[in-house]
Amino acid sequence: MPTDFPYYPINEFGPAMKGMAIGGLGIVHVFLAQFGIGGGLLLCYFQWLAQTGREPLARQFIDGYFKFVVLVSFVLGAITGVGMWFMTIQVSARTIGAMVGEFHWVWAVEWLFFCLEIVAGYCFYRYGPRLDDRRRMTLLAIYSVASWFSLFWINGILSWQLTPGRFLETGVMWDGFFNPSFFPSVIFRTITSMAIAALASFLVVNILPEFDRAQRTVLIHRATHFLAPALIMPVLGIWYFMVIPADSREWAMGGNVPMMMFFVLAIVCSTLISAYSLVGLLRYQLYINAATATLLLVLAVLATAFAEFVREGVRKPYSIRGYMFSNSLMPDDIRRFREVGCTHDDPYPLRDADSYPNPQVALGAHVYRNLCSVCHTPAASNGLTHLTEYWDETQLRLNIAMLQRTKPFMPPFAGTAAELEALVQWLRWNNDGKPATWTESHDEATLQQIQAWLDEAGTEPWVAVAAEGRR
Ligand code: HEC
């Protein structure tokens, strides 16, 4: 019986696990995109300062700063944005497919806003210095409203991945879009964008040769106003934490050590930035030189990196909560793959099929690729060899059969008992240093034992079992 499962070719990235490869790029992209959005708002503010005569230096600042926004955020933002699509189709084609499928028109609208942003930005870049104040403001307003709305649209889709909310019952697109974490995250990201834009402006005024120190001080203090909204970040953070699923919350709060570490680090970096900037600048009127500005920006990149890592991490075992697992399987696929196997209908052969000592070990490698490789590598980051180094055969069989109980952030095992045994043999062969020969294992009693464990574990993820109090 064919499974109708939409197989896609699976690419691996050497020692980096796929999540890290996409996460690394995603962090750069998010940072640049937020810089672009905050930058637009900051430019509108300075244009207002210029045309109301409040700040004589503002106009000069705008033209200098805008070049950075264009060069950095447009060019690198666009390249990393395309890079994100390129990576997602390799890491989880089915997840991105579901995101496009469920939110088809939202993407279309988002791209329209993005287009508008580029056109307005380019016009300002080309003609801004020659235009009068009213026209400059119009272009900057279009630029920043359009870029903020591209955040608005994309935020609905990204927050849906973690908290799909009523969508899971109704299937209504807007229920998914305005999901429980939509508002806390869109406000949070807006404030982050403003903070990043202010920090970048500290660096830019130090680099622009046309300003002297006194003028720089004036401009820096104007831009500092954009850091003030960051004061309500803790409240937004708590709001966000209240709406995300309980198990996700627990992992960031100590249930998963790396996750909690990153969470704490994100808070520490953000607090350091806010404390230095607000106390130092507002209270003691400190001057920020290029080195300090760079340091603050680096802290902001780190805070973004840690926060995005946690946001992505706490979604495990799902890529779209309650809908699709990180390894691209949907709950029904797990039930079917328990019957027919996860490799049987896969049209994509192993790339290095000749390098295994026997067909069973090769099958195990195939099972690993289809079920585990999205979160593990064989021997590098989150490497299975290290994790199972001291496990004997029985432990391997039992713990993999009950994968969702072994660690609740793993999906249930989705294959037959024979596939599980093949995976175990592949792991043991790896742990043994990949010898040239290896004996196949087809013991009937062992397979029956594995089947009994699989049946006991069931096909539901542990997070769902725990949520209903059946733990
Ligand atoms: C959704 C991501 C994800 C998937 C898919 C996944 N794992 Fe894991 N797995 C993890 C994480 C995260 C850990 C925790 C690593 C740690 O504790 O350092 C882990 C831990 C483990 C461990 C060690 C458990 C322990 O108690 O120390 C084993 C063994 C393991 N995974 C095997 C597998 C196998 C085999 C598959 C495929 C059938 C798989 N995993 C699929 C994310 C995943």
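This is a predicted model: local features need pLDDT of at least 70, side-chain atom pairs count only at pLDDT 80 or more; totals for chains, interfaces and linings use all residues.
Residues are numbered from 1 along each chain as its sequence is written.

In soluble globular proteins, nonpolar side chains tend to be buried together. A nonpolar core is here a set of buried Ala, Val, Leu, Ile, Met, Phe, Trp, Tyr and Cys residues joined through C-beta atoms within 7 Å. A residue counts as buried if 20 or more other C-beta atoms lie within 10 Å of its own, as exposed if 12 or fewer do, and as partly exposed in between, with C-beta atoms placed from the backbone. The largest nonpolar core holds 118 residues, and the members that touch the most others are Leu-42, Ala-195, Ala-197, Ala-198, Leu-199, Phe-202 and Val-310. At least three residues of this core come from each of domain 1 (18-324) and domain 2 (329-467), the bounds being taken from an automatic or database domain assignment. When neighbours within four places in sequence are left aside, Phe-202 is in contact with Ile-220, Ala-223, Ile-288, Ala-293 and Leu-296; contact requires C-beta atoms, placed from the backbone, within 7 Å.

Helices (H or I, at least four residues) and strands (E, at least two) are DSSP runs, numbered from the N terminus. Helix α13 spans residues 331-340, and its buried residues are Asp-333, Ile-334, Phe-337 and Arg-338. These lie on the same side of α13 because they cover an arc of only 140 degrees around the axis, the arc being that of the directions from the helix axis to the C-beta atoms. The buried residues of α13 pack against α19 (444-457), whereas the face turned away from the buried side carries the exposed residues Asp-332 and Glu-339. Just after α13, Gly-341 adopts a positive phi of about 95 degrees.

Positive phi values also occur in residues other than glycine. Ser-328, in the loop between β2 (324-325) and α13, has a phi near 75 degrees. Ser-328 is buried, with 23 other C-beta atoms within 10 Å. Asn-382 lies in the loop between α14 (359-372) and α15 (384-387) and has a positive phi of about 50 degrees. With 14 other C-beta atoms within 10 Å, Asn-382 is partly exposed.

A cis peptide bond, with omega near 0 degrees, leads from Lys-316 to Pro-317. Pro-317 is located in the loop between α12 (290-313) and β1 (318-320).

Notes: Two residues are in contact if their C-beta atoms, placed from the backbone, lie within 7 Å.
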